[in-house]
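Thanks, everyone, for making the time this morning. I would like to walk you slowly through a few places in one structure, so please keep the view open while I talk.

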Amino acid sequence: MAEDQNDEMLNEENGNQETITKVTGMYKDWFLDYASYVILERAVPAIEDGFKPVQRRIMHSMKDLDDGRYNKVANIVGHTMQYHPHGDASIADAMVQIGQKDLLIDTQGNWGNILTGDSAAASRYIEARLSKFALDVVYNPKITEWQASYDGRRKEPINLPVMFPLLLAQGGEGIAVGLSTKILPHNFIELIEASVKHLKGKRFTLYPDFPTAGIADISNYNDGLRGGKVRVRAKISQVDKNTLAITEIPFGTTTSSLIDSVLKANDKGKIKIKKIEDNTAAEVEILIHLPSGLSPDKTIDALYAFTACETSISPLGCVIEDNKPLFIGVTEMLRRSTDNTVQLLKQELGIKLGEFEEQWHFASLERIFIENRIYRDIEEEETWEGVIKAIDKGLQPHIKHLKRAVTEEDIVRLTEIRIKRISKFDIDKAQQKIEALEDQIAEVKNHLSNLIDYAIAYFERLKKDYGEGKERKTELRVFDDVDATKVVIRNTKLYVNRDEGFIGTSLKRDEYVCDCSDIDDIIVFTQEGKMMVTKVDSKTFVGKNIIHVAVFKKKDKRTIYNMIYRDGKKGPSYVKRFAVTSITRDREYDMTNGNSGSVVWYFSANPNGEAEVVTVLLRQVGSIKKLKWDLDFADILIKGRSSKGNLVTKYSIKRIELKEKGVSTLKPRKIWFDDTVQRLNVDDRGELIGEFRGEDRLLIITQSGIVKTIIPELTTHFDSDMIVLEKWIPKKPISAIYYDGEKERYYVKRFLIEQEGKEETFISGHPDSQLEIVSTDWRPMAEVEFTKERGKDRKPNMQVNLEEFIAVKGINALGNQLTKEKINQINLLDPLPFEAPEEVHADELEVVDEETVSIDLEDKKSEEKLEQPKNDSSDKKEDDDGLDTGGSGQVTLF
């Protein structure tokens, strides 16, 4: 301050009329005040009642105006401005948000649509009133603490006495200065049940439930604290082979924003769609039409990977307590809310008890006053003091049973009793009133002494009165991660310049390799035995003399590379088979023994582990007797990519020729079904379905009577009413008992699937028809329990051997009638023993994971020379080197 005064004096001495004032301190204080104001008065809800200040003032204003009829929202907004020192637009927006949550406000008119994102009509056109739930749990003036409004003219509540975890039911979001909050909405019924569990001392867990429904993965919810994450997905179903339907959307999105994201992904080539229709009204319905030949299952995964059909929400539990921000989880929020409700109920009961006792006290005084005719004692009194004393004196002999002393105010009330009331006073009715009050007092005292039980009954009443129609909307499920590279549409073309060593999407004058996407990885092998995996780009140098290039699939254990190479310039030649499952991108790997001058003689890439037969031809050098023999790759073990391999020959190879194409040497692929995520996998998660070869299929049967067989793809989505999922055995019959709605009879049928890949219905199409039981056992047994007729004994249960009951017929056959009697229920029994025919398989070799292979370069087996057959003299005259491109597939010979 002294420095500021010196500056001002200096300016005055110099004749300068301007003054210099430092504002550093002011900015510091002002910013802190502003930040505190925004945090406490605008953005963050209070933990006591779950309201932000604007919401609390709206609810208070609605109570002021409440008369049971609808009020114009514009009128409510205007009334709220008496308490809220901000514009009408912010108040109207906040009120619309409360109304759209359909809990506290009974709305009328166009209040917008949270599904489509349509805004509400102007506040002068829409109306509102408090809901019955709000009137029940939000208000009680007798236990409300009050404060002066911003201008001091009115009183407003500090906190409303909300007796329900309202903040968790509605959720809340706000951005303040330096902090924010995002509390997700939870299910109404589950909150009540959790409150009851807390009151009973039991543990509970809360998960969000969104008004837009959808599917949520809450495995990383973290109790709503910072660092948690909730993944939400749209519910997508397959209408037919060319149409998908979105019937529920993720929280935080609208149908408009979701459609925009789908169109944007289509424009970028991530997905491919024909057209999209928005038929949303009261319920979401977005139809996505696909081009013919496109996999619906893969498109569903692509929608989750590249559009707003899957979003991630990061919760952050922050509330205001004692005028300070507090970061807590939803479990602690519910505990505090429930404990606060118990205290509010205690206050409410205490007030009721005081009121009942006061009514009992005056009713007792009134009876004494009239029954004992004490009013006659005041006839001779001439002064007011004398009247009071006379009544007090007359009451004294009769007030020993009263619970408190008689005050002058009590006597004054007695003097105000009218003569008409005294003349018509009924002692019996007065006694009944006193006894009723005594019963009410006893009841309230009982509630106070059993406060927890009373609170539990209170929550149970809320559930009974208001829980109807508030069941959980969001389905909770653990999501299987979508590999974007497996579902993305291949929207570009890959080219290669083998001699110069370039690959890329812009080399259109060079050799075409395949279609790919812009997020794919590309694997490349060169003639020097080098391997590299790199990201798709317009033009990338990977090394000269490229012999193989393809799209790389991570963790692919089925693609097996067969290679014969020379170790060094004059070293021996080796053969090896390996898979490439994991790599470091853009790092060069040496597939040979690492010596300079190594060269690849033969290379092939086999997507199913095929093992071909090749002919090895040697140069005529010295006294070599065996110049030609066949080598079968099926005899070579599949090892890690770093293995040295088996010795082919120590002599110089002239060339290698493909003699015979190979067949798969891999074991059938084991496939599991993970019921948690409803997806297939090969990672030993869930229930093992079986071992599958290329031609094998899955059998799927649904409760609606639909049967189909499909090729087991890991991207397959399954219907929610699926009841059978197993490996399909074509000759194994399917047995079913179903109720025919048209004939009102039960029928038995057995059939084989004749058209694989086609979806067929095997029960009648009547709306009342339903599938009772279905079995894929060879010799199934069923038990029929009959309905008990009135006045008769129940018939004994009937066991049915379905194999003997009906022969195998066509899938469209009606079947044989089970019985004419009325049936109570049908149960499957254990099947009769049957020895299923064994499948005959070819020889199998197992893939050895490269992570588990221990490679010993000095291993005698890897150095063992392969047995060479006798020399074929017809090849002695061959002396040409060259390249033979005979055969098919990814085969390269040198």
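Predicted model: local features only at pLDDT ≥ 70, side-chain atom pairs only at ≥ 80, totals over all residues.

Let me begin with Asp 209, which counts as buried because its relative accessibility is 8%, where buried means under 20% relative accessible area, exposed over 50% and partly exposed in between, with a 1.4 Å probe and protein chains only. Residues are numbered from 1 along each chain as its sequence is written, and side-chain values use heavy atoms, with hydrogens and water left out.

Asp 209 sits in the loop between α8 (188-199) and β8 (215-220); helices (H or I, at least four residues) and strands (E, at least two) are DSSP runs, numbered from the N terminus. What does the side chain of Asp 209 reach? It reaches the backbone nitrogen of Lys 473 at 3.1 Å, and one of its polar atoms lies 2.8 Å from the backbone nitrogen of Thr 474.

Turning to another loop, Glu 744 lies between β40 (734-740) and β41 (745-751), and with a relative accessible area of 52% Glu 744 is exposed. Its C-alpha atom is separated by 46 Å from that of Thr 107, which is 637 residues apart from Glu 744 along the chain.

Finally, there is an open sheet of 3 strands in the order β35-β34-β36, with antiparallel pairing, where two strands pair if DSSP finds at least two bridges between them. β35 (679-681) and β36 (687-692) stand at the edges, each with a single partner strand, so one side of each has no neighbour in the sheet. Strand β34 (residues 669-674) is joined to β35 by 3 bridges, and Phe 673 has Leu 680 in β35 as its bridge partner.

Conventions
Polar contact = N/O pair within 3.5 Å; in protein donor to acceptor, adjacent residues only side chain to side chain.
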